[in-house]
Amino acid sequence: MVSPAKPRAVTKPRAWQRMLSGRRLDLIDPSPLDVEIVDIAHGLARVARWNGQTHGPEIFSVAQHSLLVEAIFAAQTQAPPRPARLAALLHDAPEYVIGDMISPFKAAIGGDYKLVEKRLMAAILVRFGLPPEPPAELAKAIKAADRIAAYLEATALAGFTVAEARKFFGAPRLALKGFAFYLKPLRPAEAQQAFLDRFAALDPVVRP
């Protein structure tokens, strides 16, 4: 008589990523304790905006985009407190592990991507002493700065005409010349250090 085959053990698919800091971040249920700013800076400096379709010898990274958004947010907001500016700097921080998807693709994927992104964002914000979800008014102001940054990047780097950029991102109500400095693509190590320096300026607390 043939013995019945033993059922195979069900192995859960791996849902974590090991970081260079040594942390192991669960992408489905992330813990703030596994979030490190060095990992965020390293990852964002190596993630390309616009799927890499930008002019220049280097990619224009999400780290640089984050610096641009924080600068625009500060220029648009009257004396914003440092926590608000830190939230602006970190607005795309989840992309250090899930990458930067262009908006049309995000819309096509829908809910699951947004849920993972939201959980990661909450863990990141809590890690650095911020509320897990920014107040609505702050979120709106950061989004407005994000759209202006997208307009600048689109016209300066990604080949959009001014008419196209205005159609998709709106016409900025802000003097734009002062932000040209942020639009020069940097090498990853330079972008990483610039992001870390700005983080340190906004959040000088020494964290475990």
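Tutor: Let's start with the crossing of helix H2 (residues 62–76) and helix H3 (residues 82–89): their axes come within 8 Å and cross at roughly 145 degrees. Axes here are lines fitted to C-alpha atoms, for helices over the stretch in contact, with angles running from 0 to 180 degrees between N-to-C directions. Helices are DSSP runs (H or I, at least four residues), as are strands (E, at least two), and both are numbered from the N terminus. The crossing of H2 and H3 is right-handed; a crossing gets that label if the near helix is turned clockwise from the far one by less than a right angle, and left-handed if anticlockwise.

Before going further, a word on where this comes from. It's a predicted model, where local features need pLDDT of at least 70 and side-chain atom pairs count only at pLDDT 80 or more, while totals for chains, interfaces and linings use all residues. Residues are numbered from 1 along each chain as its sequence is written, and side-chain values use heavy atoms, with hydrogens and water left out.

Back to the interface. On the H2 side you have Ser66, Leu67, Val69, Glu70, Phe73 and Ala74, and these meet Ala84, Arg85, Ala88 and Leu89 of H3, where contact means heavy atoms within 4.5 Å. Sorted by class, the contact of H2 with H3 has seven nonpolar, one polar and two charged residues. For that sorting, Ala, Val, Leu, Ile, Met, Phe, Trp, Tyr, Cys and Pro count as nonpolar, Asp, Glu, Lys and Arg as charged, and the others, Gly among them, as polar.

Now look at H3 by itself. Its Ala84, Leu86, Ala87, Ala88 and Leu89 are buried, meaning under 20% relative accessible area; exposed is over 50% and partly exposed is in between (1.4 Å probe, protein chains only). The buried residues of H3 pack against H2, helix H7 (136–156) and helix H9 (188–202). Alanine 84 is a handy one to zoom in on: it counts as buried because its relative accessibility is 11%. Leaving out residues up to four places away in sequence, alanine 84 touches Phe73, Leu138 and Ile142. Its C-alpha atom is separated by 9.0 Å from that of alanine 74, ten residues away along the chain.

The loop between H2 and H3 holds alanine 79. Phi of alanine 79 is near 45 degrees, a positive value in a residue other than glycine. Most residues other than glycine have a negative phi. At 71% relative accessibility, alanine 79 counts as exposed.

Step back to the other end of H2, and you reach the loop between helix H1 (37–44) and H2, where serine 61 lies. Serine 61 counts as buried because its relative accessibility is 1%. Asparagine 51 is partly exposed, with a relative accessible area of 48%. In H1 itself you'll find glycine 43, which is buried at a relative accessible area of 12%. The C-alpha atoms of glycine 43 and isoleucine 98 are separated by 9.6 Å, though the two are 55 residues apart along the chain.

What about the rings? Searching the whole structure turns up seven aromatic pairs. One of them is phenylalanine 181 with tyrosine 182, an edge-to-face pair at 5.2 Å centre to centre and 80 degrees between the planes. Rings of Phe, Tyr and Trp (its six-membered ring) pair if their centres lie within 6.5 Å; planes under 30 degrees apart count as stacked, over 60 as edge-to-face and the rest as tilted. Phenylalanine 181 is exposed at 68% relative accessibility, whereas tyrosine 182 is partly exposed at 24%. Elsewhere, ring pairs link Trp50, Phe160, Phe168 and Phe169 into a cluster. There's also a charge over a ring: arginine 24 lies over the face of tryptophan 16, 4.4 Å from the ring centre. That call requires NZ of Lys or CZ of Arg within 6 Å of the ring centre and within 35 degrees of the ring normal.

Finally, the whole chain. It has nine helices and two strands, in the order β-β-α-α-α-α-α-α-α-α-α along the sequence. Buried residues make up 41% of the 208 residues.
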